[in-house]
Amino acid sequence: LILITSGFSISQWSTDPNNNLIVGYGLDPHICSDSAGCCYITYDYENIYYPRKLALERLNKYGYKPWGNLKQILGELPEQSHSQIIEDGEGGVIVSYEDRFEDLPNTAQRVRVQRIDSSGNFLWGTTGVKVTLEEINHGKQQLVTDGSGGCVVIWKTTTRIFYINRISAIGERLWSDSGKVLGISNFSGTEPRVVRATDGSFYAETGEYIYRIRGNGEVVRRDSVTLGAPVPDPEGGIVISNKVWTGMIPKLVAQRKDSLGNNL
């Protein structure tokens, strides 16, 4: 039952601090703003194990779901999971996810991206866009807005090689159909990161290195680093941080680097 009073719908948000609003049932939730007072949420649902399905929900500022039922993010393989989600800058969202097939010992795992507008329409086809046409198992993706309705996605292959590509607002792969190779990590647990600088360039982290990349895909610098987790500063640079161990005692440290790679 929805009550209407003076033209405004009564909020669905719970007023009981011990009873939160249930959005859905699943695993691995991710959230971002809808630029209109509330949010988009992705999560894996239907199966705890393979094959999982990927849901996208939108909540408005009153706690209601303007789309009604969830939207299922599809791929070409049986499972879609392990999503990341960002705003597209136009009221919608871009979702990256792993598209996966499993018949042990054989597996196939590909990264795809999908753009969804505020009405719930899929803008990049029914199954999204591959970030690369290379038939290599990969995942561990991260993404950031490109500032023009598209995104920049970084990912890692099962052989520890890092790739990056830019997807336009209409779903085109702008940095070649294969993407750009950044390098290989010596550490199996290293996960990639990417941020957009205030001057429109991008910084990509692969563990041992941070790359500065122009909007056209040109890599202009590679800096060897022991810190990571970059965040942009207001002048086109970044701040990076990490734990540094002195014996058994950890110190939390940070460093600011300008757009030329100088430590500030």
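## Pocket, cavity and surface patch

S3, strand S7 (79–87), strand S8 (93–103), strand S11 (138–145) and strand S12 (151–157) each contribute at least two residues to the lining of the largest pocket. Strands are DSSP runs (E, at least two residues) numbered from the N terminus. This is a predicted model, in which local features need pLDDT of at least 70, side-chain atom pairs count only at pLDDT 80 or more, and totals for chains, interfaces and linings use all residues. Residues are numbered from 1 along each chain as its sequence is written, and side-chain values use heavy atoms, with hydrogens and water left out.

On a 1 Å grid over the protein atoms alone, a pocket is an open set of points with protein on both sides within 12 Å along at least five of seven lines, a cavity is a set where a 1.4 Å probe fits but cannot get out, and lining residues have an atom within 4 Å of a point. The count comes to 1 cavity of 30 Å³ or more.

| Space | Volume | Lining by class |
|---|---|---|
| Largest pocket | about 360 Å³ | no nonpolar, 15 polar, 8 charged |
| Largest cavity | about 30 Å³ | 3 nonpolar, 3 polar, 1 charged |

The largest cavity is lined by Thr132, Glu134, Ile136, His138, Trp155, Thr157 and Tyr163.

Strand S3 (residues 27–33) includes leucine 27. Leucine 27 is partly exposed, with a relative accessible area of 32%, where partly exposed lies between buried (under 20%) and exposed (over 50%), using a 1.4 Å probe and protein chains only. Together with Ile48 and Tyr49, Leu27 makes a nonpolar surface patch of about 350 Å²; patch residues have over 30% relative accessible area and no salt bridge, with nonpolar side chains joined within 5 Å and like charges within 9 Å.

Methods. Accessible areas come from the Shrake-Rupley method with a 1.4 Å probe; for residues, only the protein chains shown count as cover. A salt bridge is a side-chain nitrogen of Lys or Arg within 4 Å of a carboxyl oxygen of Asp or Glu. Helices (H or I, at least four residues) and strands (E, at least two) are DSSP runs, numbered from the N terminus. Grid points are joined across faces, edges and corners, and a volume is the space filled by probe spheres set on the points. Ala, Val, Leu, Ile, Met, Phe, Trp, Tyr, Cys and Pro count as nonpolar, Asp, Glu, Lys and Arg as charged, and the others, Gly among them, as polar.
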